[in-house]
Amino acid sequence: MPAESFVDAWAAALDLTEIDLTQDDRLALANAIRSGTNRLRVVDAIKARRPIPQALSERSGVQAIRREPDHYAILENFTRFAPGDDPTFLRYAFSRICGRDPTSAERLGLEFDLRRGVTTRAAVVKKIVAIARRDGQTAFWDTLLPGNENEVHADSDPSNARLSPAGLLVDMEGQATAIFVREVENVGWMIAPDHLRQPLQINEGNWTVQPGWLLTGPKRSFAEGTWLLDLDLIQPPNARLDVEIVANSGLDFLQSMTLTGSFSGSLCIAIRRDHRFVELRIRVHERSPEDSWLRPRNISMRQVP
């Protein structure tokens, strides 16, 4: 049966109206069949559009009617949910794919990236599927879009190609980069060995932190000129961190600020010839036990050409 006829036949069999299954939805389903998507998956997607029967919704003995959590995620069904309301979208996606609500750290990190526009909802759904697999569940993602329209185009991090746990790195364009801490997806953290830090304790994919100095180092000389301190940190909204760049054993303060909540950005630092033993210092403020966590995704310095 042709793709369009197949979709229309199932829509008629399930008594779906033009409101339940629009012409755009029917075209998307037909295109998915033509691009090779299993027809059984298309049937499941059509069945999901069935409204709750009026007779059942009015019965006093029926408290709720819910579908079982999906074993696979159709990207379009999730990305279109609650437009403009990322927290609701995240709770829905975790509930349907993982069978639970997101943890505080998961919600803050994903919501932070969505709000800044550095990721897309489609990419987030794929991450949630990966989290469900990590939790031991069988989960997959698929799309009804034809061709490669579902591909997420994101700028890759060029520093991944020159990632190293120690030393000053210089790329092919001559830009020097010193990596202090960096999270590598599905691997863990790269931490420069010439830094003093609190004992590393990982809990649910985050660092467990205590009040006091979290990270200090490397107490080394950097080339004279302008540098950028790149920070990408996820933490509870009310949690605070002191971030300082000092030289000459703390006698000269090159940069100092207090961060409240999650942060992603760069700080400009001017290093002179007489600035020796440059050191990054990060201090954790007092916080409640449930907020005693931090997820440092990137802490590094790069020289401005």
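**Cysteines, then the sheet**

Mentor: Begin with Cys268, which is partly exposed at 48% relative accessibility. Keep in mind that this is a predicted model.

Trainee: Is Cys98 buried or exposed?

Mentor: Cys98 is buried, because its relative accessible area is 4% and the cut-off for buried is under 20%.

Trainee: What is a disulfide, and how many does the structure hold?

Mentor: A disulfide covalently links the sulfur atoms of two cysteines. The count here is 0 disulfides.

Trainee: Now the sheet. In what order do the strands lie?

Mentor: Read the order from neighbour to neighbour. Here 5 strands give β6-β9-β14-β11-β12. The sheet is open, with antiparallel pairing.

Trainee: Which are the edge strands?

Mentor: β6 and β12 (252-260) are the edges, each pairing on one side only.

Trainee: How many bridges join β6 and β9?

Mentor: There are 2 bridges, between β6 (residues 196-197) and β9 (residues 212-220), in the antiparallel sense. Look at Arg197: Leu215 in β9 stands opposite.

Trainee: How many bridges does β9 share with β14?

Mentor: β9 and β14 (residues 278-284) pair over 7 bridges, again antiparallel.

Terms used: Residues are numbered from 1 along each chain as its sequence is written. This is a predicted model: local features need pLDDT of at least 70, side-chain atom pairs count only at pLDDT 80 or more; totals for chains, interfaces and linings use all residues. Side-chain values use heavy atoms; hydrogens and water are left out. Two strands pair if DSSP finds at least two bridges between them. Helices (H or I, at least four residues) and strands (E, at least two) are DSSP runs, numbered from the N terminus. A disulfide is a pair of cysteine sulfur atoms within 2.5 Å. Buried means under 20% relative accessible area, exposed over 50%, partly exposed in between (1.4 Å probe, protein chains only).
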